[in-house]
Amino acid sequence: MSALETLKNLVLAPYILKATALISVSRKVGGNQFRHAFATLGILLDYKFFDDPVLLKAALLHDLFEDLPETHMEDIRKIDADGNKVVELVLEVTKREKETKPEYLRRVLNSKSESAKILKCADRISNLTDLHLDTHTDKKISEYLDQTEEYILPMATEVNPDMVIELTDLIAKRREMVRMMDKDREGNNPDQA
């Protein structure tokens, strides 16, 4: 079966229903985690990962266990024949309770799972697209971009050269956005005169 035929036969509805629980989880940038899950799925489709139903299904649920830890994994395992693999992939990209962000990102980077790295890259592309100065401080944005360069770019290098290009472009644009705002603030600062 071709990748497009696989996509035509992909049943996402039960996973979408599970993902609707994320509607209750708001994002600093506005909207909610449900929309972010769909954005992540859209990025994977844009990169033509049509032939990996587990990856696509996991994209819809990738933040579920972290954002709603009361979620019953067994319900997802029972959805279909991919349920167990979907849960395992989601767990791979879920930050553990006592993990620091760098520890978490290092774990995913050092993972042997190509799917986990692809999913994390798509997730980060979505997050970078939503990164704005009206919702995050310059310092927070700079730290996030530094993390992206240190951990996510190497993942992308391993799994998809086009993701490297997009991530590099997003990093550059976000750094320029911060520089422009800093310049604007300096220009409007009466103490500088």
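This is a predicted model: local features need pLDDT of at least 70, side-chain atom pairs count only at pLDDT 80 or more; totals for chains, interfaces and linings use all residues.
## Residue K120 in helix α9

K120 belongs to helix α9, which covers residues 114–129. Its relative accessibility is 5%, so K120 counts as buried, the cut-off for that class being under 20%.

The side chain of K120 forms a polar contact with the side chain of D123, at 2.7 Å. When neighbours within four places in sequence are set aside, the residues in contact with K120 are Y104, L105, V108, I152 and M155.

## The largest pocket

The largest pocket has a volume of about 690 Å³. It is lined by 27 residues, of which R27, K101, N127, H136 and Y144 are the closest to its centre. Two or more lining residues come from each of the elements α3 (33–46), α5 (64–67), α8 (101–110), α9 and α10 (138–159).

Helix α9, in which K120 lies, contributes the most to this lining, with five residues. By class, the lining of the largest pocket comprises 13 charged, seven polar and seven nonpolar residues.

## The second largest pocket

The second largest pocket holds about 150 Å³ of space. Its lining consists of F65, E66, P69, T71, M73, L91, T94, K95 and R96. Four of these lining residues are nonpolar, three are charged and two are polar.

Conventions: Residues are numbered from 1 along each chain as its sequence is written. Side-chain values use heavy atoms; hydrogens and water are left out. Helices (H or I, at least four residues) and strands (E, at least two) are DSSP runs, numbered from the N terminus. Buried means under 20% relative accessible area, exposed over 50%, partly exposed in between (1.4 Å probe, protein chains only). A polar contact is a pair of N or O atoms within 3.5 Å; within protein, one must be able to donate a hydrogen and the other to accept it, and residues adjacent in sequence count only if both atoms are side-chain atoms. Contact means heavy atoms within 4.5 Å. On a 1 Å grid over the protein atoms alone, a cavity is a set of points where a 1.4 Å probe fits but cannot get out, and a pocket is an open set with protein on both sides within 12 Å along at least five of seven lines; lining residues have an atom within 4 Å of a point. Grid points are joined across faces, edges and corners, and a volume is the space filled by probe spheres set on the points. Ala, Val, Leu, Ile, Met, Phe, Trp, Tyr, Cys and Pro count as nonpolar, Asp, Glu, Lys and Arg as charged, and the others, Gly among them, as polar.
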